[in-house]
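Dear colleague,

I am handing over the structure that we spoke about, with the sequence alongside.

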Amino acid sequence: MVPDISTGSRTYGLLNYLYGPGRRDEHTDPHLVASWTPGLAPDPGRDPAATVKQLTDRLDLPVLALPKNRRPSQHVWHCPVRTAPGDRHLTDGEWAEVARRIVHATGIAEDGDDKACRWVAVRHADDHIHLVATLVREDGRRPRRHQDGIRAQAECRKIEAEFGLQILNDGDRTAAQRPTSAERSKAERAGRTETPRETLRENVRQALAGAETEDEFFHRLAEAGLRVEKRIAPSGDTLGYKVALPGDRNRAGEPIWFSGSKLAPDLSLPKIRQRLDAEPADDEALFAQHADEQAPRPARARRDATHAAERAASALGGDDDHDAAAQLIGVGELFDAVAQTSAASTRKELADAARAFERATRSHIRAERTANRAIRSAARSIIRAGNALGKGEDGGATAMLLSTMVLVTIAAVRWHSARGHAQQAAAAQQAAHHLRSAYRSAAAAPMNAMREQGRRLYAPVREQYASTLEATLPEQVDRVLREPGWDALAATLDQAERAGHDPGALLQQAIQWRELETADSVTDVLVWRLRRLGKLPATVDAPRAGTKSRTSQKRPRTPQPQVAEPAFRADPTEPRRRGPRR
């Protein structure tokens, strides 16, 4: 059950909408289910003689009784209350109880207070009601409604438990401010899929992703086409900023500005400066040992970012909460950087993932800002490298990074869940869902090419790699050999050996880096870890039709440690072999 409180100035306009047909004729049978005093509130939905104007006058009476200079400018309190999808439909009597409990909990009209505010509850759909109150009590005073949103949420949790409804996650006041109903209505009239507040929030976050200085941040905002206005002190120092979408104006024709703090708690200028004041890391010094200098820049930036993401995953599994909180902020910037530079085939899913993960970056745990220098630097490198292609080395490197980011996001789910951050854990889970879709799209071409390469390997070579796998990963070997990615893993081990690596030692290093239990596909994770650790290309050329792969030819091999013959088949089509190999 979700309450959504806002205030306004037009009682008649709100009631006329609630009793009207709706913007798409979605309102059915609008009527009152409860009011401040039964029988005193006319119901235009059920009484043919009653009008919206009469109901407005009754509600506004305490406000109009005050001298004009004492009337509040925002005197209308509006709170839609909606059940969650899948919940049963409540009766009018149940909705009436919900309404009374919420106006009591929020201080609008406490039980037994005959001088409380006037209010009504209008129902025009199966799954929600609208509470409307005027914010002047019968005695002319204002209601005490401090933190009414939090109190409404707490009461809804109790109602959900008592009514047998879905119990939703409690908030912790770190979420970004939601668009108001007026903002949503305006966006619908303008044909927008999201409100200006949401568009600006995403643009500001993308401008901040990996930004090194305050000037760079403001320059990116201007490059994004936003209107930017700084608040300057007499000393010349910048105290704050606000942004607006071009063309988004109020009735007076003035731009509708949003300060950073109105977009999200962590987008105020002081919060942004905390990120930027951390000592900047040198990109090349941090990642030179991991970079493939021959790769195109977007691919190299993504390979470097994979290492930073793995470090973030390790921090989320550690004991330092301040370090982990900082890593989550950096991961959020990495999401934003990858989303705005991705190929068209993955752009939408990555944008949705970044938008979802944004909620997982904030909690009440203080972040150790200097701890996320490496991952912020990785995000900056991705931005500066430019847009990646969806194929070739760029496509493979993107799949490599996304595979790791899925594991980081799962680690974020576990970290938040262990600390009772229900909303953040749910947001990270949603981001993981979008990331998996983006990964499947990015990995399809490179993994298919590697699988084809692996199938063309000489049978004894495949058996040798299966033995290596059994020696290094005995608990999961059966699962790995059954996965579709086994052929790609065999091809990667072969390529690593050709590059001069010991396949067993490299595989052991990849396995020891982090647990594999949370991986959707162990072979996919190992393929990308091996390719990063071994500085191998992120993709292989697909074999030409009608040609015989060089990998099917006998060649000298690096000596391997003697291991027992596995009790399984490397290729399910091969007959089971028993006894030692000769």
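Predicted model: local features only at pLDDT ≥ 70, side-chain atom pairs only at ≥ 80, totals over all residues.

Residues are numbered from 1 along each chain as its sequence is written, and side-chain values use heavy atoms, with hydrogens and water left out.

Salt bridges

The structure holds 43 salt bridges, a salt bridge being a side-chain nitrogen of Lys or Arg within 4 Å of a carboxyl oxygen of Asp or Glu. As background, side chains of opposite charge can pair when their charged atoms come close.

One of these salt bridges joins the side chains of Asp29 and Arg46, at 2.8 Å from N to O. Asp29 lies in the loop between α1 (11-19) and β3 (31-35), and Arg46 lies in the loop between β3 and α2 (52-64), so the pair ties together parts that are 17 residues apart in sequence. The helices (H or I, at least four residues) and strands (E, at least two) named here are DSSP runs, numbered from the N terminus. Asp29 is partly exposed at 43% relative accessibility, and Arg46 is likewise partly exposed, at 48%; in these notes buried means under 20% relative accessible area, exposed means over 50%, and partly exposed is in between, with a 1.4 Å probe and protein chains only.

A second salt bridge is formed by the side chains of Asp266 and Arg205, at 3.4 Å from N to O. This pair links distant parts of the chain, with Asp266 in the loop between α8 (260-263) and α9 (269-277) and Arg205 in helix α6 (residues 196-208), 61 residues apart. Asp266 is buried, with a relative accessible area of 11%, and Arg205 is buried as well, with a value of 7%. Both residues also belong to a network of salt bridges that links Arg205, Asp266, Arg275, Glu333, Asp336, Glu358, Arg362 and Arg376.

Asp352 counts as buried at 16% relative accessibility, whereas Lys348 counts as exposed at 60%.

Surface charge

Arg10, Arg23, Arg189 and Arg251 form a positive surface patch. Patches are made of residues with over 30% relative accessible area and no salt bridge, with like charges joined within 9 Å and nonpolar side chains (Val, Leu, Ile, Met, Phe, Trp, Tyr) within 5 Å.

Backbone angles

Most residues other than glycine have a negative phi, and most peptide bonds are trans. Asp29, described above as a salt-bridge partner of Arg46, has a positive phi of about 50° although it is not a glycine. Lys535 is likewise not a glycine and has a positive phi of about 55°. Lys535 is placed in the segment after α21 (522-533) and is partly exposed, with a relative accessible area of 45%.

Spatial contacts

Finally, here are two pairs for which sequence and spatial separation were both computed. Glu223, in helix α7 (residues 214-223), is 16 residues from Ala207 in sequence and 9.0 Å from it in space, C-alpha to C-alpha; Glu223 counts as exposed at 61% relative accessibility. Ala412, in helix α15 (residues 392-418), counts as buried at 0% relative accessibility. Ala412 and Ala432 are 20 residues apart in sequence, with 9.7 Å between them in space, C-alpha to C-alpha.

Conventions:
Areas by Shrake-Rupley, 256 points an atom, 1.4 Å probe, with all protein chains shown as cover. Lys, Arg positive; Asp, Glu negative; His and termini not counted. Charge placed at Lys NZ, Arg CZ, Asp CG, Glu CD.
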